[in-house]
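Dear colleague,

I am passing the structure below on to you, together with some notes on its helices and loops. Please read the notes with the model open beside them.

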Amino acid sequence: MILRRTVLLVEDESHCISTLEIAFDSDTEPRLAHTSTAEEALLILDSTEIAAVITDIHLPSMDGFELIARLRNQPRFAHLPILVTSGDPDPASPERALSLGANAYFPKPYSPSAIRRKIKELIHAS
């Protein structure tokens, strides 16, 4: 049996979800799982082996910044690759995400293939 690595997408916009599902839709690793809230992402991460996280900044309830901070405050997630995608117009957002511990930041609109390449690079480096 082949163990496939899973990337968790935390996104609440359906067109962004669809775009990344297409980019990750193949028989090769990694596969993509999805949730629309940071709270649910934390529950999934506590019970499932996840290779990397892709998160939006603007999410219902808890935002992506808080999700990154909570993950980085847990030793078991200290090296979990985290990639941020966001349409946030604040020019300070990329720096804030990276300072909290994100490994990469992609402004929307982004290239889905560039996201997939970066995720594969981060997974193989960890």
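In helix H1 (residues 14-23), the buried residues are Cys16, Ile17 and Leu20, where buried means under 20% relative accessible area, exposed over 50% and partly exposed in between, with a 1.4 Å probe and protein chains only. Because these residues cover an arc of only 100° around the axis, they lie on the same side of H1; the arc is taken over the directions from the helix axis to the C-beta atoms. Ser14, His15 and Ile22, on the other side of H1, are exposed. The buried residues of H1 pack against strand S1 (6-10), strand S2 (31-35), strand S3 (52-56) and helix H5 (112-125), with contact meaning heavy atoms within 4.5 Å. Helices (H or I, at least four residues) and strands (E, at least two) are DSSP runs, numbered from the N terminus.

This is a predicted model, in which local features need pLDDT of at least 70 and side-chain atom pairs count only at pLDDT 80 or more, while totals for chains, interfaces and linings use all residues. Residues are numbered from 1 along each chain as its sequence is written, and side-chain values use heavy atoms, with hydrogens and water left out.

**Helices H3 and H4**

The axes of H3 and helix H4 (residues 93-100) come within 9 Å and cross at roughly 15°, the axes being lines fitted to C-alpha atoms, for helices over the stretch in contact, with angles from 0 to 180 degrees between N-to-C directions. H3 is therefore roughly parallel to H4, a term that covers angles under 35 degrees. Phe65, Ile68, Ala69 and Arg72 of H3 and Ser93, Arg96, Ala97 and Leu100 of H4 make the contact.

**Loops**

Leu80 is placed in the loop between H3 and strand S4 (82-86), and it counts as buried because its relative accessibility is 8%. Leaving aside neighbours within four places in sequence, Leu80 is in contact with Leu45, Ile50, Ala51, Ala52, Val53, Leu71, Arg72 and Asn103. Ser61, by contrast, counts as exposed, because its relative accessibility is 69%; this residue lies in the loop between S3 and helix H3 (64-72), and its phi is near 65°, a positive value in a residue other than glycine.

Finally, Lys108 and Pro109 are joined by a cis peptide bond, with omega about 0°, and Pro109 lies in the loop between strand S5 (104-107) and H5.

Best regards

Definitions and conventions: Parallel < 35°, antiparallel > 145°, perpendicular 65-115°, else oblique.
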